[in-house]
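Please look over the model shown here before reading on. My notes are numbered and brief.

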Amino acid sequence: MLTDSRRRFEKWRPSDNEVNANTQEGLSKVPEVTLIFWVIKIAATTLGETGGDAVSMSLNLGYLVSTGIFAAIFVMTVIAQIAAKQFYPVLYWITIISTTTVGTTLADFADRSLGIGYAGGTALLLTLLLGSLFVWHRSLGSVSVATVSSPKAEMFYWVTIMFSQTLGTALGDWTADTAGFGYGGGAILFSSLLALVAAAYYWTTISRTMLFWAAFILTRPLGAVVGDFLDKPVNAGGLALSRFSASAVLLVLIVACILIVPQRAARQEH
């Protein structure tokens, strides 16, 4: 009798491969939103500023050529990310960095080369970002990162992120230069706004999706002003550090965080 019961159990018990497959199906290809996520995100956005400026300014390639280079890298990394079968932290963060670098040079090209200014660039990019979120929500019913589980959702996710990174660059430059906050003042301003978003997360019932995107967007201008603070001349309020050295240090920090602190894929919403 015991043997027959065990056989029936074994017949209906899922195999280890089936368990692993079901577990993987419940995961997305984006990381859980934890403290280390935000640490790496801020470092990546700062790297985007110093790295983008290193190519466009220090190498004198200009904003248009640099944007073309980084846009090509962005497209390749997004294709690789969408084609991946599961969450790979290194691939994910390489893709994030590609959005920050192309965002830096694209915003500078729009603001300076096209002559629409920081305010005009910020308004244009904010419109594109909100439009991307609107179309995403209309198409799939949610813009939560926990629903990023299909190629279409991933495409919306990465386009929205690219717009947010570009907007953040323009907003950071406008705040530091035109609004007169300077790099230090801009860093304090955006850090304070991020602290308010964190407080809202813990002590209010405001939509978590809305708070995530607010924080995600705000980390970019924070990275922009911190990056400019590191590499701009002393007489302009910066530390005059080498863009290449600053970028290398930030890259080492990001790699160390990825290797030292394990990251798990976010659970999907069903």
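The points below take up a helix pair, a salt bridge and a surface patch.

1. Basis. This is a predicted model: local features need pLDDT of at least 70, side-chain atom pairs count only at pLDDT 80 or more, and totals for chains, interfaces and linings use all residues. Residues are numbered from 1 along each chain as its sequence is written, and side-chain values use heavy atoms, without hydrogens and water.

2. Helix pair. Helix H4 (residues 62-83) packs against helix H7 (residues 151-178) at about 150°, with the axes 10 Å apart. Axes are lines fitted to C-alpha atoms, for helices over the stretch in contact, and angles run from 0 to 180 degrees between N-to-C directions. Helices are DSSP runs (H or I, at least four residues), as are strands (E, at least two), numbered from the N terminus.

3. Their contact (heavy atoms within 4.5 Å). H4 brings Phe74, Val78, Gln81 and Ile82; H7 brings Pro151, Glu154, Met155, Trp158 and Met162. By class, 7 are nonpolar, 1 is polar and 1 is charged.

4. Salt bridge. Glu154 also pairs with Lys29, N to O at 2.9 Å. The term means a side-chain nitrogen of Lys or Arg within 4 Å of a carboxyl oxygen of Asp or Glu. Lys29 sits in strand S1 (residues 27-31), 125 residues from Glu154 in H7. The whole structure has 6 salt bridges.

5. Surface patch. Leu59, Leu61, Val65, Ile69, Ile73, Met76 and Phe244 make a nonpolar patch of about 610 Å². Patch residues have over 30% relative accessible area and no salt bridge, with nonpolar side chains joined within 5 Å. H4 gives the largest share, 4 residues.

Methods. Nonpolar A, V, L, I, M, F, W, Y, C, P; charged D, E, K, R; others polar. Patch = residues over 30% accessible without salt bridge, like charges linked within 9 Å, V, L, I, M, F, W, Y side chains within 5 Å. Areas by Shrake-Rupley, 256 points an atom, 1.4 Å probe, with all protein chains shown as cover.
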